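Hello,

Here is the structure I promised to pass on. Please open it first, then read my notes below.

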Amino acid sequence: MRSVLRRPCLSALLLLEFAAERGLAPEQALAGTGLELSALKVVGASIDSRDELTLIASVLRQLGNPPGLGLAMGQRYHLTAYGLWGLALLNAPTLRSALETGLRYLDLTYSYLQLRLRDEGSQTRVIFDASEVPENLRRFLLERDTAALAVIQRELFAAQSHPYHLRFALPTPADLEPYRRLFGVVPEFNCAETALLLPSAQLDAALPLANPLAAQVCEAQCRQLLAERRSLAGVSAQVRDRLLRGFSGKALPDMEALAAELHLSSRTLRRHLQREGSSYRELVEEVRQTLAEELLGGIGMKVDEAAARLGYSEAASLLHARKRWRRRAGAEASASTLSSP
């Protein structure tokens with residue numbers, strides 16, 4: 001499996017929504033995962049990719065993992081679900097360029113598979129390698145990601161339909177109709193690898209929404225975002241995640257309590273954070289800001305109640321903090337404007 005990174009919670013929330021439609025309540029799906037629905041719904045919150053895998057396993061264990069389940073899930077992943085990554089693909093000049101860009105920044109997606117392009121002259125093969133994910137999740141993840149790619153390809157071509165030649169390294173299912181409806185053809189099964197075969201001429205056709213300049217800007221932003229996510233894969237990310245995840249209407253934990261949860265002494269935790277250019281106080285401030293906007297702006301909680309839940313001694317302290325956050329945001333915006341060419 002690819003490197004462990006934090007990712008937006010959208011995919012986990014889509015999965016919970018998908019499960020709920022099949023009779024599995026969110027609290028049932030989340031049971032035993034260590035995840036809290038309230039934390040997943042916080043604006044800007046992220047999830048460790050390992051925790052999301054645990055959630056997927058929980059859902060499949062309770063729903064079962066029949067053939068075709070991943071196909072239904074994968075059709076929820078529209079380009080808009082991927083943020084900058086989706087915009088970069090949408091503005092690419094050709095499908096080949098979109099695929100190459102997509103694979104270059106694959107860690108910005110929700111996939112757990114290794115994806116590769118192989119040029120075979122008249123056709124190009126997109127290979128979906130699930131060898132590094134848990135065996136009990138492979139069918140679901142292979143179906144999910146091939147379905148998602150089918151959705152993305154249709155959206156890149158502005159709903160034009162293209163036939164697929166698809167091979168699955170999976171046993172033949174009893175019901176082939178869901179596969180035929182989605183891909184336009186019945187895939188081959190029991191193959192050595194899972195792969196989508198596309199005519200090379202189709203890959204080089206111009207995309208209807210191509211904008212080379214916008215594509216360059218989006219790719220530069222993808223590069224920056226990926227670097228940021230990789231830099232957050234350390235102790236700071238774990239602290240931030242536990243602060244968000246552990247918040248369920250109670251005060252945020254102090255440094256000693258959270259250090260114990262990470263099986264560290266507070267002194268060792270402080271040293272790790274300093275090495276990463278952060279501090280526990282800064283992370284608490286960041287999480288408080290995120291939660292304050294959610295509690296006050298999102299659900300309309302009263303200021304004094306939100307202050308108590310966020311660990312402030314009085315409502316005035318929270319109001320002063322909000323003013324400080326807004327001044328800082330304004331100063332950063334002004335600095336960014338002045339530094340722009």
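Predicted model: local features only at pLDDT ≥ 70, side-chain atom pairs only at ≥ 80, totals over all residues.

Leu 37 sits in helix α3, which covers residues 37–40. Leu 37 is partly exposed, at 26% relative accessible area. Setting aside neighbours within four places in sequence, Leu 37 touches Leu 13, Leu 16, Pro 26 and Leu 30. Glu 27 is 10 residues from Leu 37 in sequence, and their C-alpha atoms are 7.7 Å apart.

Now the overall picture. The protein has 17 helices and six strands. It has 341 residues, and buried ones make up 47% of them. Take the contacts with a separation of 6 or more: 71% of them join residues 24 or more positions apart.

Next, a helix pair. Helix α1 spans residues 10–20 and helix α4 spans residues 49–63. Their axes come within 10 Å and cross at roughly 10°. Angles under 35 degrees count as roughly parallel, so α1 is roughly parallel to α4. Which residues of α1 and α4 meet? From α1 come Ser 11, Ala 12, Leu 15, Leu 16 and Ala 19. From α4 come Glu 52, Leu 55, Ile 56, Val 59 and Leu 63. In this contact of α1 with α4, eight residues are nonpolar, one is polar and one is charged.

On to the core. The largest nonpolar core holds 99 residues. Those with the most contacts inside it are Leu 55, Ile 56, Leu 141, Val 239, Leu 243, Leu 269 and Leu 318. Helix α8, residues 138–156, gives the most to this core, with nine residues. Beyond its neighbours within four places in sequence, Ile 56 contacts Leu 15, Tyr 112, Leu 137, Phe 140, Leu 141 and Arg 144.

Then helix α9. Tyr 179 lies in this helix. Is Tyr 179 buried or exposed? Tyr 179 has a relative accessible area of 1%. Buried means under 20%, so Tyr 179 is buried. Leaving out neighbours within four places in sequence, its contacts include Pro 67, Gly 68 and Leu 71. Arg 139, Glu 143, Phe 168 and Pro 173 are also among the contacts of Tyr 179. Ala 72 is 107 residues from Tyr 179 along the chain, and the two C-alpha atoms are separated by 10.0 Å.

The side chains of Arg 181 and Glu 177 meet at 3.9 Å, N to O. Both residues lie in α9, four residues apart, about one turn of the helix. Arg 181 is exposed, with a relative accessible area of 57%. Glu 177 is partly exposed, at 30%.

The loop between α9 and β6 has two points to check. One is Asn 190, which is found in that loop. Asn 190 is not a glycine, yet it has a positive phi of about 60°. At 56% relative accessibility, Asn 190 counts as exposed. The other is Glu 193. Its side chain meets that of Arg 118 in a salt bridge, 3.1 Å from N to O. This pair links distant parts of the chain, 75 residues apart. Glu 193 is in the loop between α9 (177–183) and β6 (194–199), while Arg 118 is in strand β3, residues 114–119. Glu 193 is partly exposed at 23% relative accessibility. Arg 118 is partly exposed too, at 35%.

Last, the other salt bridges. How many salt bridges are there? The count comes to 20. One of the pairs is Arg 104 with Glu 219, at 2.9 Å, N to O. Here too the pair links distant parts of the chain, 115 residues apart. Arg 104 is in helix α7, residues 95–104, and Glu 219 is in helix α11, residues 212–231. Arg 104 is partly exposed, with a relative accessible area of 44%. Elsewhere, Glu 17, Glu 21, Arg 22 and Arg 76 are linked in a network of salt bridges.

Best wishes

How values were computed:
Residues numbered from 1 in each chain as written. Heavy atoms only, no water. Axes fitted to C-alpha atoms, helices over the stretch in contact; angles between N-to-C directions. Parallel < 35°, antiparallel > 145°, perpendicular 65-115°, else oblique. Contact = heavy atoms within 4.5 Å. Nonpolar A, V, L, I, M, F, W, Y, C, P; charged D, E, K, R; others polar. Core = buried A, V, L, I, M, F, W, Y, C linked by side-chain atoms within 4.5 Å. Buried < 20%, exposed > 50% of the residue type's maximum accessible area, 1.4 Å probe, protein only. Salt bridge = Lys/Arg side-chain N within 4 Å of Asp/Glu carboxyl O.
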